[in-house]
Amino acid sequence: MGKFKEILIPEASFKDFSAYRTALLETRIRFGRRVFARTDADSEVLLVTQRSENQMKRTLNWWDLMWMSIGAVVGSGIFVVTGEQAKYVAGPAIVLAYIAAGVSSMLSVFCYTEFAIEVPVAGGSFAYLRVELGDFIAYIAAGNIVLDYVVSSASVGRAWTSYFAALINRHPDDLRIHTSLAEHYNKLDFIAVGVLWITGFLSIVSVRATSAVNWIASLISMGIICFIIGAGFANAHPENYSPFLPYGTRGVFSAAAIVYFAYLGFDAVATLAEDTKNPARDIPIGLLGSMSLVTVLYCLMAASLCLMQNYKDLDTQVPFSFAFKAVAGWKWAQYVVALGALKGLTTVLLVGAVSQARYIAHIARTHMLPVWFAHVDSKTQTPIRATVTMMGLTSVVAFFTDLDVLLTLLSISTLMIFMLVAVALIVRRYYDPVRTSRQTFLCVVSLILLMIGSSIGTALYWRLSDGWYGHVIFVGTWFIATAVLWLFFPIARQPKVWGVPLMPWIPSASIGINIFLMGSIDRDAFIRFGIWTVIILVYYVFLGLHASYDAAMQLQAQEQRPQGLWNILAEANPSISRSPKPKGTMKSPKYGEDDPEDDYALQLSAPTSPLNLVPT
């Protein structure tokens, strides 16, 4: 028992019952100190990552990241959701819905890209929120996204079985074992479990091998998508585009709120910063390039579908297969579409296995989860413990639970994190804890709250009313708040390498759009979000808060040691050496100021360096 405790909760607050009792009595004080505690970006990159004992192997380049992003995004959504939204919501204007959703997703991509360069760690959005908005908000957001990870991967695993059954012309339930368990949990899916563990095992062995398999499978998917587009336009009937807007502009935006979910998954690339050779160069190319390509392909697929068959006659379940069969008489096309969807689902699982484990590992580095999960294996240089844990949880859920039940469990977490990352980016650019006055800080916070409040008002008014007066008021308020921030408040911190253009308009628009999309989700999703948040709060109060508090105090003590941050890091990592600072050396990462410590630059030996401060 003692060894078990030492592995999972080694912090001082859990040393014995007396220490734990003292920690519980100090809960209010500790929470007050940590609720808005922001971690220095330098520490997040250089010190927190050392808790994994070994570094992840930097093997990925922009080509790998681009296909990783495509593999994470292009699943079965485009093959399913297009028909229903075109038939009942948007008509042929579904192509405009995909354009609107693609532009919206690019706003979030911009925000993620800057953070992934500035804070290149495996924690992705969790690390970004921790650095700018504090521990508590980061924990709540991360706790909810972890649940979504488990549910979504289990859903993809069950869906994989369904598409495989379609490919071999069988019913999905024929491939599952029927038992006498409760309804919706009585069809055991061994195929889903097998696929999950195969993809998980591959991500453990080598992230480079995972990337190679992913881009080969993604290339096959792209080939199938190009076939669908070409064949669709070859069988096009222009008269099917009349009327083009049968449901009006409201139908276009309503459909955009749904098809937006076909673009989700790109955030997985942000967790691969520690596996990337040159994050500053590779991440922008990989993320922006992949999402631009996906947007073009999605729009062409939607356009070809409605040109090929009248929107009123579309099938809502398998629109592309049905259209090829009805218009061109190609019965065999259903197998091509099923193969494309199957390949897409496989790459989603591959990239998910890699990214989810890194997300969990970085949360564990902060001790909000047991630090045992943060371990990176010295041989494979991958977070094996986090990967196996996530695969185990996901497999249990996928083994028992019907796909219909899993789909109802998906929450608002992803959209909420996209919104918070945009907020964090505005805070990062307009607030410097050293130079920004309290009055300026309060003004910036007030303007951000106006952006959020007006966006919530727009979403509610859209859902509850068909009028336009409310939109003028709420959108006008959002515009004024953003314009005031743009015109009257100077940017406090400039990015070191690459930054989002048109600040603060792009992150502000991302806030508005993601809140608007959250408003399109059913009420039950918000109830599930609330219930799960209460559950993770209980864990936080009794365990996570105290473990992370002890870790933060230890980190603070390290940062305040007289020999400075660089020497502490050098003690922890023998690959670090000192060299005279050459002319033109990059600024210290601390808010663009010169290193006040000495006249030396930190030089980390490639390729294991998390951050190279000496340019080559």
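Helix 19 passes helix 20 in a left-handed crossing. The model is predicted. Helix 19 covers residues 438-464 and helix 20 covers residues 469-488. Their axes come within 9 Å and cross at roughly 160 degrees. That angle makes helix 19 roughly antiparallel to helix 20, because angles over 145 degrees count as such.

Which residues of helix 19 and helix 20 make the contact? Helix 19 contributes Val444, Leu447, Leu450, Met451, Ser454, Ser455, Gly457, Thr458, Tyr461 and Trp462. Helix 20 answers with Tyr469, Gly470, His471, Phe474, Val475, Thr477, Trp478, Ala481, Thr482, Val484 and Leu485. By class, this contact holds 13 nonpolar and eight polar residues. It has no charged residues.

Helix 9 spans residues 135-167, and helix 18 spans residues 413-430. The two pack at an angle of about 150 degrees. Their axes lie 9 Å apart. This crossing is left-handed. On the helix 9 side, the contact uses Ile137, Ala141, Asn144, Ile145 and Asp148. On the helix 18 side, it uses Ser413, Thr414, Met416, Ile417 and Leu420. The classes here are six nonpolar, three polar and one charged.

The table sets out the class make-up of both contacts.

| Helix 19 with helix 20 | 13 residues | eight residues | no residues |

Is Asp135 buried or exposed? Asp135 has 0% relative accessibility, so it counts as buried; the cut-off for buried is under 20%. What does Asp135 touch, leaving out residues up to four places away in sequence? Its partners are Arg34, Val35, Ala37, Thr39, Arg130 and Met368. Two of these names are arginines: Arg34 and Arg130.

Now the whole chain. Its secondary structure comes to 23 helices and four strands. The chain has 616 residues, and buried residues make up 57% of them. How much of the contact set links residues 24 or more positions apart? Among contacts with a separation of 6 or more, such pairs account for 83%. The chain exposes about 25,500 Å². Carbon and sulfur atoms supply 66% of that area.

Notes. Residues are numbered from 1 along each chain as its sequence is written. This is a predicted model: local features need pLDDT of at least 70, side-chain atom pairs count only at pLDDT 80 or more; totals for chains, interfaces and linings use all residues. Side-chain values use heavy atoms; hydrogens and water are left out. Axes are lines fitted to C-alpha atoms, for helices over the stretch in contact, and angles run from 0 to 180 degrees between N-to-C directions. Angles under 35 degrees count as roughly parallel, over 145 as roughly antiparallel, 65 to 115 as roughly perpendicular and the rest as oblique. A crossing is left-handed if the near helix is turned anticlockwise from the far one by less than a right angle, and right-handed if clockwise. Contact means heavy atoms within 4.5 Å. Ala, Val, Leu, Ile, Met, Phe, Trp, Tyr, Cys and Pro count as nonpolar, Asp, Glu, Lys and Arg as charged, and the others, Gly among them, as polar. Buried means under 20% relative accessible area, exposed over 50%, partly exposed in between (1.4 Å probe, protein chains only). Accessible areas come from the Shrake-Rupley method with a 1.4 Å probe; for residues, only the protein chains shown count as cover.
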